Amino acid sequence: MNREVYLDNSATTKPYPEVVEGMVEMLVNHYGNPSSLHMKGIEAENAIKKARESIAKALDVKSGEIFFASGGTEANNMAIRGCALANKKRGNHLVTSTIEHPSVLNTFKFLEQEGYRVSYIGVDRYGRVNLKQLENEISDQTILVSVMHVNNEVGTIQPLQEIRNIIDSKKSKALYHVDAIQSFGKILFTPVQYGIDLLSLSAHKLHGPKGSGALYVRKGVRIHPIVFGGSQEFDMRSGTENVAGIVGFGKAAEITFDNFNHGVSVMDENKKYLEEKIKETMDHVVINGWCDGQNAPHILNVSFLGIKAEVLLHALEAKGIFVSTGSACSSNKPSPSHVLAAMGIEKPCIESAVRFSFSSFNTKEDVDYCVEQLAAIIKQLRKYVRR
Ligand SMILES: Cc1ncc(COP(=O)(O)O)c(C=O)c1O
């Protein structure tokens with residue numbers, strides 16, 4: 001039987017055993033509705049309170065600033081649509097970048113249909129937003145600037161402080177939203193540090209459960225809810241809470257942040273080791289989005305020129321190695337990566353780009369096995385490719 005090497009951690013991660021145990025405990029023993037007035041309800045409510053405190057601690061914010069949601073996609077929708085609806089009277093201009101996740105880009109597309117004007121800021125070859133263009137676009141009509149912290153396909157880190165400085169230098173009242181779904185648990189930062197008003201998180205990227213996320217809303221910031229009902233989550237997101245999912249998220253954040261330095265150095269070392277080995281042993285490879293000191297520790301995007309990424313993905317899968325050709329959410333549709341295209345990467349590079357993404361569960365032996373298999377597969381495939 002093949003060894004199993006999971007290198008698709010930007011798509012999702014394997015839950016920590018403690019997360020699974022904590023969730024099962026909630027489902028089996030503490031299944032009350034947090035809105036119920038009896039003991040079963042109070043148990044569930046207290047478990048949510050504890051999880052909210054764990055997330056708040058990880059971000060060094062107040063627990064009242066954390067609102068749970070059904071994942072990163074919903075948190076992004078809450079932030080962007082919520083801000084647009086709440087600030088309609090102040091302006092109708094919104095700013096984002098061309099390399100955002102579809103949960104952001106498609107929300108902006110919807111808002112364009114609703115009459116808002118959206119500026120999509122371009123990026124350079126490394127995936128960094130064009131700050132000059134951003135400065136030019138912000139006007140007194142701008143009510144929101146939304147950028148991702150770490151790109152999910154190439155791992156580029158956006159200059160959050162410079163973006164804050166530009167908003168301030170234009171004396172803009174625009175709210176600042178950051179999709180931190182790929183950076184939470186990988187980069188140590190706080191929303192206060194960068195003057196962020198709204199920040200989206202997702203549990204399943206840091207060994208928590210799928211379908212669980214949160215939005216940080218800075219105290220004093222008003223956004224409109226987008227889901228209406230029984231006023232749960234302080235009226236921000238109605239619906240009976242996913243108690244087990246929330247508890248799992250809290251536990252995942254606790255474990256990740258208790259072991260932060262170790263976890264990040266494991267990812268970073270393995271990522272660098274893979275990069276080194278690929279460059280050392282293979283020809284015609286291009287690293288996409290590499291920029292010194294401005295890359296997340298867990299994502300490596302590599303083009304193996306002349307080889308279709310999908311073919312390579314399945315050949316690796318046959319050896320028990322799991323990677324991705326782009327963002328998981330769009331990789332089931334065979335469309336070229338909008339991120340690499342926006343970075344100005346040439347078509348042969350886009351078509352042959354594979355994303356390796358790490359977690360602290362990966363080992364050096366995983367990388368050795370991956371490189372060994374990769375080299376053999378590429379050698380084999382290149383025999384049939386006329387370059
Ligand atoms: C940058 C980014 N934003 C948003 C999301 C969506 O999060 P979720 O899968 O929790 O809906 C993802 C997931 O891949 C992501 O990588």
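Predicted model: local features only at pLDDT ≥ 70, side-chain atom pairs only at ≥ 80, totals over all residues.
Residues are numbered from 1 along each chain as its sequence is written, and side-chain values use heavy atoms, with hydrogens and water left out.

**Two loop residues with positive phi**

Lys171 sits in the loop that runs between α6 (160–169) and β6 (175–179). Helices (H or I, at least four residues) and strands (E, at least two) are DSSP runs, numbered from the N terminus. The phi angle of Lys171 is near 50°, a positive value in a residue other than glycine.

Select Phe234 next, in the loop between β8 (213–217) and α7. Phe234 has a phi near 55°, again a positive value in a residue other than glycine. Its relative accessibility is 57%, and Phe234 therefore counts as exposed.

**The ligand and its shell**

Now select the ligand and the 15 residues around it; Gly72, Thr73, Asp179, Ser202 and Lys205 come nearest. A residue is near a molecule if one of its heavy atoms lies within 4 Å of it. Helix α3 (residues 72–86) supplies the largest share of this shell, three residues. By type, the shell holds three nonpolar, 10 polar and two charged residues; here Ala, Val, Leu, Ile, Met, Phe, Trp, Tyr, Cys and Pro count as nonpolar, Asp, Glu, Lys and Arg as charged, and the others, Gly among them, as polar.

Show the side chains of Ser202, Gln182 and His204 in turn. An N or O atom in the side chain of Ser202 is 2.6 Å from an oxygen atom of the ligand. For the side chain of Gln182, the distance from an N or O atom to a ligand oxygen is 2.8 Å. A polar side-chain atom of His204 lies 2.9 Å from an oxygen atom of the ligand. The ligand on its own has 390 Å² of accessible area, and the protein covers 91% of it (areas come from the Shrake-Rupley method with a 1.4 Å probe).

**From Gln182 to His298**

His298 counts as buried because its relative accessibility is 0%. Beyond its neighbours within four places in sequence, His298 is in contact (heavy atoms within 4.5 Å) with residues including Ser10, Val150, Met267 and Lys271.

**Helix α8**

Met267 and Lys271 are among the buried residues of α8, as are Phe260, Tyr273 and Ile278. Select the whole of helix α8 (residues 260–281): at 1.5 Å a residue, its 22 residues should span 32 Å, and the end C-alpha atoms are 32 Å apart, which agrees. The expected span is 1.5 Å times one less than the number of residues in the helix. The cover over the buried residues of α8 includes α7 (243–258), β9 (285–288), β10 (299–304), β12 (353–357) and α13 (364–383).

**Further stops**

Ala353 is found in strand β12. It is buried, with a relative accessible area of 1%. Its C-alpha atom is separated by 5.6 Å from that of Ala309, 44 residues apart along the chain.

Leu206 lies in the loop between β7 (198–202) and β8, and its relative accessible area of 3% makes it buried. Leaving aside neighbours within four places in sequence, Leu206 is in contact with residues including Phe184, Phe249 and Phe257.

Thr156 is in the loop between β5 (142–148) and α6. This residue counts as buried, at 0% relative accessibility.

End at Asn29 in helix α1 (residues 17–29), partly exposed with a relative accessible area of 35%. Asn29 and Ile167 are 138 residues apart in sequence and 49 Å apart in space, C-alpha to C-alpha.

Definitions and conventions:
Polar contact = N/O pair within 3.5 Å; in protein donor to acceptor, adjacent residues only side chain to side chain. Buried < 20%, exposed > 50% of the residue type's maximum accessible area, 1.4 Å probe, protein only.
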